[in-house]
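Please open the structure in your viewer and keep the sequence beside it.

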Amino acid sequence: MKLLNVTDAAIHLGITKELLFAYIRNSPKKHLGEDRKLFTIVKEGQNFFEEEELRSFDEYLKMLWSKSGQMRPPIPRYIKY
């Protein structure tokens with residue numbers, strides 16, 4: 001199990017640290033009834049991420065955000081700003 005710090009995790013996903021923490025606090029596909037959030041491990045007050053969890057979460061984000069024939073949901077506020 002390889003652990004990445006916040007900076008390396010953000011680089012791994014190609015996102016900002018702020019968005020990384022937003023995915024820890026929020027379920028991005030809540031409108032679909034899903035409650036998956038990005039899992040983090042806290043050690044000595046620092047956040048770390050399993051490389052496999054980052055890969056899995058990235059794949060999850062690439063999956064459909066709306067059901068076929070339905071309108072796309074609005075972009076979550078924490079992603080827009």
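How are α1 and α2 oriented to each other? The model is a predicted one. To begin, select helix α1 (residues 6-13) and helix α2 (residues 17-25), whose axes come within 9 Å and cross at roughly 95 degrees. Angles of 65 to 115 degrees count as roughly perpendicular, and α1 and α2 are therefore roughly perpendicular to each other.

Next, display the side chains where the two helices meet. From α1, select V6, T7, A9, A10 and L13; from α2, select K17, L20 and F21, which they meet. Sorted by class, this contact of α1 with α2 contains six nonpolar residues, one polar residue and one charged residue.

Now move to helix α3 and select E53, which is found there. Is E53 buried or exposed? Its relative accessible area is 15%, and a residue counts as buried under 20%, so E53 is buried. At F39, look for the backbone nitrogen, which lies 3.2 Å from a polar atom of the E53 side chain.

For the last stop, remain in helix α3 (residues 51-62) and select D58. With a relative accessible area of 25%, D58 is partly exposed. Finally, select G14 together with D58: the two are 44 residues apart in sequence, and 9.9 Å apart in space from C-alpha to C-alpha.

Notes
Residues numbered from 1 in each chain as written. Predicted model: local features only at pLDDT ≥ 70, side-chain atom pairs only at ≥ 80, totals over all residues. Heavy atoms only, no water. Helix = DSSP H or I, 4+ residues; strand = E, 2+ residues; numbered from the N terminus. Buried < 20%, exposed > 50% of the residue type's maximum accessible area, 1.4 Å probe, protein only. Axes fitted to C-alpha atoms, helices over the stretch in contact; angles between N-to-C directions. Parallel < 35°, antiparallel > 145°, perpendicular 65-115°, else oblique. Contact = heavy atoms within 4.5 Å. Nonpolar A, V, L, I, M, F, W, Y, C, P; charged D, E, K, R; others polar. Polar contact = N/O pair within 3.5 Å; in protein donor to acceptor, adjacent residues only side chain to side chain.
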